[in-house]
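Visitor: Hello! I am new to protein structures, and I would like a close look at one part of this one. Could you pick a spot and walk me through it slowly?

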Amino acid sequence: MKKIFYAVLVVMMVTMFGCSQNTSGNLEQSNDKTQIKLQTSKPLPKNTDNETETNSLNKNDIKVVDEYYMENSIGDTEYYLVIKNESNQTVAVESSAIALNKAGEEIGAADGEIEDLQSKCESIISFYFSSTKDVSKFKYNLNINQEEYYKPAIQNIHVTSKVMKDKVMVKCKNNGIDDVEFLKEYVLLFKGKKLVNSDSDYFTNDDSVIPAKETITKQIESYEKFDSVKIYLSGRKE
């Protein structure tokens with residue numbers, strides 16, 4: 001699925017991520033480049049074992065902005081890699097990641113991708129490590145290619161959000177002249193600097209699109225207490 005992600009500022013510190021800005025909210029970004037230690041869910045330092053592969057693009061065209069993780073209640077680990085397209089092209093990024101324990105043993109693997117990442121925009125790769133817990137470190141690689149098939153669409157989506165005690169309501173309006181396919185929303189919920197919950201949902205009709213000029217509203221519920229939110233969107237058009 002083609003993916004480009006934006007975040008929108010709302011009450012209770014909902015952080016914005018778009019093509020013209022990079023707001024870090026109340027979450028700190030680490031500059032430590034030695035080892036990825038998962039003590040809290042603040043952005044993880046970059047690991048020198050990680051690799052970036054490109055074809056016609058330069059490896060510096062993709063910047064890793066943030067990394068977050070969360071071990072859920074059933075013993076699986078969710079891992080999020082936030083990247084920015086620094087190039088002047090629309091790109092597709094494929095990634096594979098490995099989870100390691102404190103002894104340095106590989107205990108899990110997962111794949112993720114972003115397609116239709118517009119120039120100067122940020123987006124997020126989601127990894128799900130089944131039956132993987134007590135992770136101490138992540139390694140990943142990035143494979144970058146120029147997007148050839150679909151066009152970015154999120155720039156035409158207007159998002160408003162409302163944060164309540166136990167849920168977040170997200171409203172998406174398609175202000176463009178084209179239908180947007182597979183519009184999807186990712187929500188990361190934080191308590192202080194710790195990622196405590198995450199969820200996602202599609203903002204589409206029965207034809208898997210949000211039609212031009214139409215609005216769709218969804219809500220994300222959380223049993224965990226939270227005080228800040230980051231919202232990302234993905235979508236595409238022909």
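Guide: Let's begin with Phe-138, which counts as buried because its relative accessibility is 0%, and buried means under 20%. Keep in mind that this is a predicted model. Now look at the neighbours of this ring. A pair of aromatic rings is described by the distance of the centres and the angle of the planes. Phe-129 and Phe-138 make a tilted aromatic pair, with 5.5 Å from centre to centre and 40° between the planes. Phe-129 is buried too, since its relative accessibility is 0%.

Phe-138 has another partner. The structure holds five aromatic pairs, and one of them joins Tyr-79 and Phe-138 in a stacked arrangement, 3.8 Å centre to centre with 10° between the planes. Tyr-79 sits in strand S4 (residues 77-85) and Phe-138 in strand S8 (residues 137-146), so this pair links distant parts of the chain, 59 residues apart. Tyr-79 also counts as buried, because its relative accessibility is 0%.

The structure holds five salt bridges. In one of them, the side chains of Asp-178 and Lys-237 meet at 3.5 Å, N to O. Asp-178 lies in the loop between strand S10 (167-174) and strand S11 (180-191), while Lys-237 lies in the segment after strand S15 (228-236), 59 residues apart. Asp-178 is partly exposed at 36% relative accessibility, whereas Lys-237 is buried at 13%.

Another salt bridge joins Glu-181 and Arg-236, whose closest N and O atoms are 2.8 Å apart. This pair links strand S11, which holds Glu-181, with strand S15, which holds Arg-236, across 55 residues. Glu-181 is buried, with a relative accessible area of 16%, and Arg-236 counts as buried at 13%.

Next, find Asp-201 and Lys-218, a salt bridge with its closest N and O atoms 3.6 Å apart. Asp-201 is in strand S12 (residues 194-202) and Lys-218 in strand S14, so the pair ties together parts that are 17 residues apart in sequence. Asp-201 is partly exposed at 26%, and Lys-218 is partly exposed at 25%.

Glu-214 belongs to the loop between strand S13 (209-210) and strand S14 (215-221), and it counts as partly exposed because its relative accessibility is 43%.

Definitions and conventions:
Residues numbered from 1 in each chain as written. Predicted model: local features only at pLDDT ≥ 70, side-chain atom pairs only at ≥ 80, totals over all residues. Heavy atoms only, no water. Helix = DSSP H or I, 4+ residues; strand = E, 2+ residues; numbered from the N terminus. Buried < 20%, exposed > 50% of the residue type's maximum accessible area, 1.4 Å probe, protein only. Phe/Tyr/Trp six-rings, centres within 6.5 Å; stacked < 30°, edge-to-face > 60°. Salt bridge = Lys/Arg side-chain N within 4 Å of Asp/Glu carboxyl O.
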